Amino acid sequence: MQMIDRDIATSSALVIDPNLTSRGMLVSQLRDFGVGSVSQSSRIHDARRMLESRTFDIVLCEQEFEAEGYSGQNLLDDLRRLQLLPLSTVFIIVTGSASYTTVADAAESAVDSFLLKPYTAAALGERLTQVRKRKKSLADIFAPVATGDLAAAAKLCLKRFKEQGPFSAYAARLGCELLLRIGEPEAAKRLNELVLETDPTVPWARLGVARAQIDGNQPAAAARSLEALVAEQPNYTDALDVLGRLQVEQGDINGAVATYRRAAEFTRGSIVRLQRHGLTAYYAGLRDEAQKPLERAAVLGLGSRMFDMQVLVLLTALRYEQRDGRALQRALDSLQEAAAKDPDNTRLARLGSVAWVFGLAFHKQFDQVGTELASWSTRLLDPALDTETACNLLTLWSTLAASGVPMPDDTGAWIDTLATRFASSRATTELLAGAAAIHPPFAQRVWQAQQTVAAMAERAVAHTLEGRHQEAISTLIDEGQRTLNMKLVDLARMTLQRHRAKVDEPDTLAATIDRVRAAAAQAAQLPPLGQTGREGAALTVRAPVRTN
């Protein structure tokens, strides 16, 4: 059989197919084409782990894996979204359904090609030849991506699109992603709009406009764009992912739960979507709904780079609440094992430290529980303490209190300190209150703290309206230093910018605000909620690094 191209002998391939006969045929045909190294997997989740740790030049993946509740398209979506698949890798889906190609084309999948069963060796060879030709044609764009020069790659994409060179549509899609990555949302929006002028129905370009609107601080416009898109393309899970995150950022946690639930239903084996659904459901106070997707994410995801270990923290809370000692210990063991493998990971250490207290409480070691709680209480204003940890502490305190564990007398003051610091936006307040929902008195303290912060801000605005600009700014700085609440710090900065000419020593005030803002920065960051890295909704831009 004729070789595909002159470089095929140095290439590696992975065949993923549950059917031994089909898998063997594909492996044999690739070897006949001259592929230098061919690996195979019968289980798609095993293949996912292989793709997370190794680079392959060619991937041939069966579409249907009904027994695993996953598909070839799910695998591709997860890999590219989390930047785990190089641009140079050829990914071909093998499918027995003629209608699937229509569905996938309508969703503007990033799959390189489809191979429809029954197929001939010649058909496979033709697909490989075509796709590898495209990859080579785009090599000049891929090269600066591989070296980290995304701006140069974006310029090449724009040039290719404007000149309508070979594979200009692909270049435009990649260019839009690159522009977002380098912080140029307006340029990305214009490029997507140029694509839509040619074809107003292109889903990825419409999604690109919405993502650019988000990055350009236009959340209302982005929400309208996304809602229109998912109304017309209800199974476009990339759009659901982006809409769900926007809803979280806007404080609409219940809306995000519904959106993530839809996305997870379309891709039942997606670790990322399962954990997003479960985490947001938990923080919406829907613990019964949260349990199943969290459990499935843990079953599918442990050992995967897609898995967020925060899932295990919430599972320990649920297991403690249900008095399921064996399941609780399994979650604790998994956290401990992960921390042992990555001892320098401070996030894993924080997650494990909170979860460990559930184990102590389960075994009624209440003296040690008290010691651990007191230890955490000394770090509530530590600049390194983040919103995720704040939510976990509220989950811990509230779950213990709801189960009747005697809590220290200072617990109320701890909640007030934590909530006053992190209740800087509707989104963070909703998450904090949701974390404490199992014990309503604690959740109520969160809302009271948010009202206290709002009252502080209102008093400062009143001082400004009365012409007492110096007093307003000084008060906001003092309260910002005391509470580390980012809302108060940002209001101080905005007031100074607006009334700089009316206050004494503005440069000194600005320097003080900058110092306080640096200390309060963690209070403005939302927790990952299952987002394990910089995720894109278009094409992955990870540089290939060969390890096999």
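**A tour of helix contacts and salt bridges**

Select helix α12 (residues 237-249): Arg 245 and Glu 249 sit 4 residues apart in it, about one helical turn. Helices here are DSSP runs of H or I with at least four residues, strands are E runs of at least two, and both are numbered from the N terminus. The model is predicted, with local features needing pLDDT of at least 70 and side-chain atom pairs pLDDT 80 or more, while totals for chains, interfaces and linings use all residues. Residues are numbered from 1 along each chain as its sequence is written, and side-chain values use heavy atoms, without hydrogens and water.

Arg 245 and Glu 249 form a salt bridge, with the closest N and O atoms 3.7 Å apart (a side-chain nitrogen of Lys or Arg within 4 Å of a carboxyl oxygen of Asp or Glu). Arg 245 is buried at 17% relative accessible area, and Glu 249 is partly exposed at 36% (buried is under 20%, exposed over 50%, partly exposed in between, with a 1.4 Å probe and protein chains only).

Next, select Glu 289 and Arg 261, a salt bridge with closest N and O atoms 2.8 Å apart. Glu 289 is in helix α15 (residues 287-301) and Arg 261 in helix α13 (residues 253-266), 28 residues apart.

Then select Asp 77, Arg 80, Asp 238, Asp 241, Arg 273 and Arg 276, which salt bridges with shared partners join into one network.

Last, select Asp 7 and Lys 136, whose closest N and O atoms are 3.1 Å apart in a salt bridge. Asp 7 lies in the segment before β1 (12-16) and Lys 136 in helix α5 (residues 121-137), so the pair ties together parts 129 residues apart in sequence.
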